[in-house]
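Good morning, everyone. Please look at the model on the screen while I walk you through it.

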Amino acid sequence: MIAPRVDLMQESQTLAISARAKVLRAEGKDVVGFGAGEPDFDTPAFIKEKAKEAIEKGFTKYTPASGIKELKEAVKEKFLRDNNLAYDIDQIIIGSGAKYLIFEALFSLLEEGNEVIIPVPYWLSYPQMVTACGARSVFVNTASENNFKLTAENLSAAITSRTRILILNSPSNPTGSVYEEAELKKIAKIIVENDIFCISDEIYEKLVYDGVSHVSVASLSEEIKKKTIVINGMSKAYAMTGWRIGYAAGPPEVIKAISKLQSHTTSCPSSISQYAALAALEVPQDEVGAMVSEFEKRRNYMVDKLNSIEGIKCGLPQGTFYCFADISSLFGKSAGGEIINSSLDFSRLLLEHALVAVVPGVVFGDDKFIRFSYAASFSNMKKGLERLESFVRALQ
Ligand SMILES: Cc1ncc(COP(=O)(O)O)c(C=O)c1O
């Protein structure tokens, strides 16, 4: 009865865990959550003020489908300033969140039977979106020793005559890895040589540490720029997840297709949120800097603590607000008589026995790992990680 494109999409495997965490909380249990996919900071006050002003001034109507001109201009400036990317205004579109723009880009480019290359571990929505477009995901494994980054060799080996798109995500959710310019150059060469597209999801661009700088693959040459759709947005850098504003830039014909699609689906992104986003992009980025340095401190604390627990191994992620830790050496051990054989078992038992909620790596395509988000206060992190330590120590 349901169209196969949608019927084949999988429900999130984390649903059972988050539903159980909710039940436990409702029972009054003090569950510590490491699952957050959004900053725990509030949207900066000056952004909220702009939204209020937009409402007062009556900016409450439909806007052009591809977004207001002022915001596109600000995004154009942003690409030039931060990424050394020069786009014309018709190469830029504003959408209702980066997530929807990724879907629209896939939907605009894919035909039935096309293949999309997705490095593993991946953000869980990519393969589901590919399925919804009637295309097929081709998963390419990466190595933790290479910080989970796709190599040009592995990419090359995965390309077939059906390959249409590579999805790149740097900084990466869930691993926190950040691609270096030299690595991106090699990947870009393969993309251009094979005449495929690249969807470059750069939503975590601002959340990088250790003095690392984010490089957009599109900025590496005119050739790769013509094959890349850069996706970015307000959610993570400006703590604006609920405002639903993302933006994309790419070849004019692709942006035009997305705009057409948008005009017949969402009509336009929220007018009020667009004015708020304009304020965020136009002022000096001090609040972003403050948030980033706080995240860096938390990351250091979390990585140290995770590595101090026997049986858990975690590399130092250079971006995002996630740690991706290997717990596979604990497989075969048991808690309360139940044996841990997977990341899902580990997550379920950790919640039952220690009231700590995490995201099992299996949802990102790697069952040996657990994702911990440090978008949580220090006191909560401390409490949760101490509980984790006691849980692991008590495993038999
Ligand atoms: C890798 C990645 N891309 C895109 C998004 C979606 O961002 P938005 O809130 O702009 O839709 C997320 C959100 O979790 C993400 O982790």
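**Starting at one buried serine**

Let's begin with Ser66. Ser66 counts as buried because it has 25 C-beta neighbours inside 10 Å. The rule is this: a residue is buried if 20 or more other C-beta atoms lie within 10 Å of its own, exposed if 12 or fewer, and partly exposed in between, with C-beta atoms placed from the backbone.

Two notes before I go on. Residues are numbered from 1 along each chain as its sequence is written. This is a predicted model, where local features need pLDDT of at least 70, side-chain atom pairs count only at pLDDT 80 or more, and totals for chains, interfaces and linings use all residues.

Back to Ser66. Ser66 sits in the loop between helix H3 (45-57) and helix H4 (69-83). Helices and strands here are DSSP runs, numbered from the N terminus: helices are H or I with at least four residues, strands are E with at least two. Which residues does Ser66 touch, not counting those up to four places away in sequence? They are Ile93, Ile94, Ser259 and Gln262. Contact means that the C-beta atoms of two residues, placed from the backbone, lie within 7 Å. Asp90 is 24 residues from Ser66 in sequence, and the two C-alpha atoms are 9.4 Å apart in space.

**Two domains**

Now zoom out. The domain assignment gives domain 1 (4-30 + 287-394) and domain 2 (58-282). Such bounds come from an automatic or database domain assignment. The C-alpha centres of the two domains lie 27 Å apart. How many residues meet across the boundary? 27 residues of domain 1 are in contact with 28 residues of domain 2.

Look at the domain 1 side. Helix H1 (4-7), helix H12 (286-308) and strand S10 (322-326) each give two or more residues to the side that touches domain 2. H12 supplies the largest share, 5 residues. By type, this side of domain 1 has 13 nonpolar, 8 polar and 6 charged residues. In this scheme Ala, Val, Leu, Ile, Met, Phe, Trp, Tyr, Cys and Pro count as nonpolar, Asp, Glu, Lys and Arg as charged, and the others, Gly among them, as polar.

**The core**

Next, the inside. The largest nonpolar core has 117 residues. A nonpolar core is a set of buried Ala, Val, Leu, Ile, Met, Phe, Trp, Tyr and Cys residues joined through C-beta atoms within 7 Å. Ala105, Leu106, Ala248 and Ala325 have the most contacts inside this core. Helix H5 (residues 98-109) gives the most to it, with 8 residues. Both domains take part: the core draws at least three residues from each of domain 1 and domain 2.

Take Ala325. Leaving out residues up to four places away in sequence, Ala325 touches Leu306, Ile312, Lys313, Cys314, Phe369, Ile370 and Phe372.

**Strands**

Two strands pair if DSSP finds at least two bridges between them. S10 and strand S15 (residues 369-373) pair over 5 bridges. Tyr322 stands opposite Ser373 in S15.

Now S3. 5 of the 6 residues of S3 are buried, so S3 is largely enclosed by the rest of the structure. S3 and S4 pair in the parallel sense over 6 bridges. Ile118 has Phe139, in S4, as its bridge partner.

Most residues other than glycine have a negative phi, and most peptide bonds are trans. Here are some exceptions. The bond from Val120 to Pro121 is cis, with omega near 0°. Asn173 and Pro174 are also joined by a cis bond, with omega about 20°.

Asn147 has a positive phi, near 50°. Asp210 has one of about 60°. Buried or exposed, then, for Asn147? Asn147 counts as buried, with 20 C-beta neighbours inside 10 Å. Asp210 is exposed, with 12 other C-beta atoms within 10 Å.

**The ligand**

Last stop. 13 residues surround the ligand, and the closest are Gly97, Ala98, Lys99, Gly233 and Ser235. To count as near, a residue's C-beta atom, placed from the backbone, must lie within 6 Å of the molecule or strand in question. This shell divides into 3 nonpolar, 8 polar and 2 charged residues.
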